[in-house]
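I record what I looked up, entry by entry.

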Amino acid sequence: MISRVVDYIKNKKRGRSFGMDMHRIKRIIFMNKQKLLKPVNVMMAIDFVCLSGTAMFDDAIPKDIYGIIHPIFGYIFVLCVVFHVFLNWVWVKSNFIITKK
Ligand code: HEM
């Protein structure tokens, strides 16, 4: 599934389109929420180790390098959190959002 999206982006760059539009990409994402959750969680865990690792060793990392790599890990982490919540939205809704009967 992910390879289909990557192929689509590659072909789009080459000016070739296989007729796969944003609507179709969105549909693939919605249909594979459970499959996507695992790689997103793995990426989020690795990124969190890098994020907190850079913060823990900030004194050992030159300031100008820290100023680049730490925010990169930070923004990737924020994106992963948003995507993680989106993929778990049904669970979030059923546990936290009170609906009127
Ligand atoms: C585990 C979570 C995090 C920890 C423990 C942490 C810790 C720190 C610390 C200690 C500094 C100051 C370093 C210094 O001045 O020597 C810092 C700077 C910074 N952090 Fe984080 N941070 C975390 C998450 C994030 C996230 C999620 C973002 C972005 C969305 C972020 C963006 C930044 C930026 C932009 C700076 C300023 C970097 C600079 O010096 O130019 N951090 N962080």
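**Entry 1: the ligand shell.** The model I am reading is predicted. Which residues are around the ligand? I list Leu51, Ser52, Ala55, Asp58, Tyr66, Gly67, His70, Pro71, Gly74, Tyr75, Phe77 and Val78.

The largest share comes from H4, with 8 residues. By residue class, I noted 7 nonpolar, 4 polar and 1 charged in the shell.

**Entry 2: the chain as a whole.** I looked up the secondary structure and found 5 helices and 0 strands. Along the sequence, the pattern reads α-α-α-α-α. The protein chain has 101 residues, of which 4% are buried. I also looked at contacts between residues at least 6 apart in sequence; 54% of these join residues at least 24 apart.

**Entry 3: confidence.** The average pLDDT of the protein chain is 87, and 89% of the residues score at least 70. Where is confidence lowest, and where is it highest? I found the lowest mean, 74, in helix H1, residues 2-13, and the highest, 97, in H4. H4 is also the helix that gives the ligand shell its largest share. I keep one caution in mind: where pLDDT is low, the predicted coordinates should not be read in detail.

**Entry 4: Ile25.** I located Ile25 in helix H2, which covers residues 22-31. Is Ile25 buried or partly exposed? Ile25 is partly exposed, because 14 other C-beta atoms lie within 10 Å, whereas a buried residue would have 20 or more. I also compared Ile25 with Val5: they are 20 residues apart in sequence, and their C-alpha atoms are 6.9 Å apart in space.

**Entry 5: Cys50.** Cys50 is partly exposed, because it has 17 other C-beta atoms within 10 Å. Finally, I looked up Cys50 and Ile69, which are 19 residues apart along the chain; a distance of 9.2 Å separates their C-alpha atoms.

Note on methods:
Residues numbered from 1 in each chain as written. Predicted model: local features only at pLDDT ≥ 70, side-chain atom pairs only at ≥ 80, totals over all residues. Near = placed C-beta within 6 Å. Helix = DSSP H or I, 4+ residues; strand = E, 2+ residues; numbered from the N terminus. Nonpolar A, V, L, I, M, F, W, Y, C, P; charged D, E, K, R; others polar. Buried ≥ 20, exposed ≤ 12 C-beta atoms within 10 Å, placed from the backbone. Contact = placed C-beta atoms within 7 Å. pLDDT = per-residue confidence, 0-100.
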